[in-house]
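Thanks for coming, everyone. Please look at the screen.

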Amino acid sequence: MGRSYIVEDAVEGCLSKLCEQKAGSVTGLLLGQSSPQRDFVVMATRTPPREETPAGNPVDKEWVSEHARQVSRMLPGGLAVLGVFIITDTEAKDTLTILRQLVFAVESLVSSEQLWSPAEDDVSDCVALHVNRKTRKTFCRTFDVKDPKSTAKPADWRYQAGVSASWSTVSCCLHVDLLVPLPDNKTDPENMDTCLKEELRGWARRLESGVCLVDGRKLAEDAELPGGQKRNVRQTYTAQILVTPGAQGLAEEQQRCGGSVCVRGAVHSRAYVHSNKPKARLAQKLLKRDAVSTVTTRVQMLLEELLTSEDENKGSSKQKRELFCLPHRVFCPLKASGPLCVCDYQFSDESVCEVTERLKEMLDIDAAEEDLDSSQEAPGQIPEREVGAEPTVETAVALEPKRNSFVGVAMATAAALLATAASILYLNDV
């Protein structure tokens, strides 16, 4: 017997609605959470139509993969792209090849942005669902994306109401302070991307090995979350992650430094945990991965903005120091999926309307401005003392870590203070 997929009944309504469209093949993503015993699908979202579809190729796997990459950035901890679906008029057996290609292409691109270390209990099976537009019959298979020679395996697909109604929410506020040296003559965005990813990987490893407190207590990995799991009762926990600071000592060999990047601020991290007797280990893993993902996503988004504007600024003189505010995180509830929310990242010069438009385009969510929750993080602001400051060759914006100490996430009483700290990326040329 293959894997079992417990599917929110709203997904059935979404797929049925897409079946009513008379426009060739329809592809999309299946979102939810995996567990060793079974997987939970809470949402399906259609791939946005492309203005120009490649000739002779009704299904564009590069376009589907890019959609998956963008959607993955909008999912808090505990939610992930579990696989893909396709709706056609043909038989299911005729779509297995394209479904396999889509599953592997999506996994390859999405995993390329994940900087955390794989865990032994990670599920490597991804779902591939075919829906016949005429009969509405579903055909569910899985592929092991860690095995390039993997073949389709049968899977059970069952609809159920209130799949995530009693999922737990674990959240924390995490302070980030990273200083990244850049090689000489390599301060352009492309090279910054490489250096930042390497530093973020090291930070992710320290975060993964950090101590996680849930409601002020350190729980055994195999212990269940406090309060247990109660039917249709949403448990909420506040966590702290204690991380040993990275070494900032002198290198054995002196090297000329072309500049540095300082990523500093506070972020809100959140994870959702399924209600099938979850262990503390799972909650901690999902929360830490969300922290890594949300920081990485913001840095990547800013670098993409810099790359876009690089050509426009060619020939202009650069200041010694440049300060940029990273986007802040905005949450939007999934009304049909209990306590769950998705998120987006809003730059300071963007309107709320632009956020709702992205939610509609990427996730097909009709969100009103009042539905959005932007209270978890304050928008980034450049400190007044930095405005109009003279260029400097010093990296004074970087805080010196204390030796033999832990950098802890603020407790609930101090969370608001940390949340007001702007997420700022500093660039220093020397």
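I start with one residue. Arg136 counts as partly exposed, at 39% relative accessibility. Partly exposed lies between buried, under 20% relative accessible area, and exposed, over 50%, with a 1.4 Å probe and protein chains only. Where is Arg136? It lies in the loop between S5 and strand S6 (138-144). Its phi is positive, about 65°, although Arg136 is not a glycine. Most residues other than glycine have a negative phi.

Asp215 is another such case. Its phi is near 50°, again a positive value in a residue other than glycine. Asp215 sits in the loop between S10 and S11. At 42% relative accessibility, Asp215 counts as partly exposed.

Now a word on the ground rules. This is a predicted model, with residues numbered from 1 along each chain as its sequence is written. Local features need pLDDT of at least 70, side-chain atom pairs count only at pLDDT 80 or more, totals for chains, interfaces and linings use all residues, and side-chain values use heavy atoms, with hydrogens and water left out.

Next, the whole chain. It has seven helices and 16 strands. Helices (H or I, at least four residues) and strands (E, at least two) are DSSP runs, numbered from the N terminus. There are 430 residues, and 50% of them count as buried. The accessible surface comes to about 21600 Å², and 48% of that belongs to carbon and sulfur atoms. Those areas come from the Shrake-Rupley method with a 1.4 Å probe; for residues, only the protein chains shown count as cover.

What about contacts? Take those between residues at least 6 apart in sequence: 78% join residues at least 24 apart. Contact here means heavy atoms within 4.5 Å.

On to the sheets. In what order do the eight strands of the open sheet run? The order is S7-S6-S5-S4-S2-S3-S1-S8, and the pairing is mixed. Strand S7 (153-154) and S8 stand at the edges, each with a single partner strand, so one side of each has no neighbour in the sheet. Two strands pair if DSSP finds at least two bridges between them. Inside this sheet, S2 and S4 pair in the antiparallel sense over seven bridges. One example: Thr27 has Ile86 in S4 as its bridge partner.

What do they pack against?

Now S11, which has two partners to show you. Strand S9 (residues 168-183) and strand S11 (residues 236-242) pair in the parallel sense over three bridges. There, Thr169 has Thr236 as its bridge partner. Strand S10 (residues 211-214) pairs with S11 in the antiparallel sense, over four bridges. Cys212 stands opposite Ile241.

Next, S14 (residues 328-333). Five of its six residues are buried. Six bridges join S14 to strand S15 (residues 341-346), and the two run antiparallel. Pro333 stands opposite Cys341 there.

That brings us to the cysteines. How many disulfides are there? The count is zero, with a disulfide being a pair of cysteine sulfur atoms within 2.5 Å. Take Cys341: its sulfur is 7.2 Å from the closest cysteine sulfur, in Cys332, so it is too far for a bond. Cys341 is buried, at 11% relative accessibility. Cys325, in strand S13 (residues 321-325), is buried too, at 16%.

Last, the cores. A nonpolar core is a set of buried Ala, Val, Leu, Ile, Met, Phe, Trp, Tyr and Cys residues joined through side-chain atoms within 4.5 Å. Which residues touch the most other members of the largest one? Of its 90 residues, they are Trp203, Leu359, Leu363 and Ile365. Helix H5 (residues 280-310) gives the most to this core, with 13 residues. Apart from it lies another core, of 19 residues, among them Leu18, Leu30, Cys140 and Trp157. Cys140 is buried, with a relative accessible area of 5%.

That is the tour. Thank you.
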